[in-house]
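Have a look at the picture first, then follow along.

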Amino acid sequence: MLRKNVSISDTHLKMLDPLLKKHQGNLSAAMRDIIDFTGFVTENMGSLETAKDLFKEKNHAMEQTRNRIYGITIPLTMFRWLLTNRKNSLPPMNEAIQLFSQQDINSYDVNTLNKVINEEISFLNWPISVNIGSENSQISVQITGIDPEINSFYAKLITMYLSNNKNPQKISKLLNYPASIFMLFGSALTQEEALKSMHETFGENGRNKIPGENEMFLIEALS
């Protein structure tokens, strides 16, 4: 048995953390795992440099695919819903909110909300951009994109996400433009109130479509 003293920086220890957890903190076992993997790579790829280059090429190809306008990603369960249950105006709540990794975010923290939602869009590679701000103590959401159907679909998802928040929000204004959608959300007393507002706007028993600007002014005038 060969014994050597090895110096490891904090940065490299963090990299080793998954292996250390796997081996219950046994550094020697973790190092043996790394050596075995290195041997496997060099035996099959020739060298670590060749393996790194191959992974770079693969990642570059994936990035090119995702950067194409139709190279989008979507969770499998959501994809199944789109294929089989599109007749329903709204996807199941659990399918919608899974697209947002931080589900307990404070909806009144508009800067963080804006950052989180745009990070999710970047990961999904959907051809839209979202700007979230505050207007008269309400949350404003501007969705911009070249495809009206994608804009409308994402408007529904954001509405579902905000209605399911720990500080539930309900729609107070909604305007549809050729290449964008504008929404205002106000605080709801209960989640049930927020969900009711959502279904009245998007559900099967509601308008079932996003009103245009002139229609919205008429709705506001009559309400």
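**Starting from one histidine**

His199 is partly exposed, with a relative accessible area of 42%. On this scale, buried means under 20% relative accessible area, exposed means over 50%, and partly exposed is what lies in between, using a 1.4 Å probe and protein chains only. Before we go further: this is a predicted model, where local features need pLDDT of at least 70 and side-chain atom pairs count only at pLDDT 80 or more, while totals for chains, interfaces and linings use all residues. Residues are numbered from 1 along each chain as its sequence is written, and side-chain values use heavy atoms, with hydrogens and water left out.

So where does this histidine sit? His199 lies in helix 8, which covers residues 191-202. Helices (H or I, at least four residues) and strands (E, at least two) are DSSP runs, numbered from the N terminus.

The axes of helix 7 and helix 8 come within 9 Å and cross at roughly 165°. Axes here are lines fitted to C-alpha atoms, for helices over the stretch in contact, and angles run from 0 to 180 degrees between N-to-C directions. Helix 7 and helix 8 are therefore roughly antiparallel to each other; angles under 35 degrees count as roughly parallel, over 145 as roughly antiparallel, 65 to 115 as roughly perpendicular and the rest as oblique. The contact (heavy atoms within 4.5 Å) is made by Ala155, Lys156, Thr159, Met160 and Ser163 of helix 7, with Gln191, Ala194, Leu195, Met198 and Phe202 on the helix 8 side. Helix 7 passes helix 8 in a left-handed crossing, the term for a near helix turned anticlockwise from the far one by less than a right angle, with clockwise being right-handed.

Helix 7 (residues 148-163) also packs with helix 6 (residues 110-124), at an angle of about 135° and with the axes 13 Å apart. That makes helix 6 oblique to helix 7. From helix 6, Leu113, Ile117 and Ile121 make the contact, and helix 7 brings Tyr154, Ile158, Tyr161 and Leu162. The crossing of helix 6 and helix 7 is right-handed.

Now for the sheet. Strands of a sheet pair through backbone hydrogen bonds, either parallel or antiparallel. Here we have an open sheet of 4 strands in the order 1-2-4-3, with antiparallel pairing; two strands pair if DSSP finds at least two bridges between them. Strand 1 and strand 3 are the edge strands, each pairing on one side only. On average, neighbouring strands of this sheet are turned by 20° against each other, direction ignored.

Go across the sheet in that order. Strand 1 (residues 128-135) and strand 2 are joined by 8 bridges, and Asn131 has Gln142 as its bridge partner in strand 2. These two strands form a hairpin with 2 residues between them, and Asn136 in the turn has a positive phi of about 55°. Gln142 also stands opposite Phe182 in strand 4. Strand 2 (residues 138-145) is tied to strand 4 by 6 bridges, running antiparallel. Along that pairing, Thr144 is partnered with Ser180, and Ile139 with Phe185.

Strand 4 in turn pairs with strand 3 (residues 169-177) through 8 bridges, again antiparallel. Lys173 has Leu184 of strand 4 as its partner, and strand 3 and strand 4 form a hairpin with 2 residues between them. How many residues of strand 4 are buried? For residues 180-187, it is 7 of the 8, which makes strand 4 mostly covered.

Helix 7 lies across strand 1, strand 2, strand 3 and strand 4, running at about 10° to strand 4.

Finally, step back to the whole chain. Its secondary structure comes to 9 helices and 4 strands, in the pattern α-α-α-α-α-α-β-β-α-β-β-α-α along the sequence. Buried residues make up 34% of the 223 residues. Among contacts with a separation of 6 or more, 55% are between residues 24 or more positions apart.
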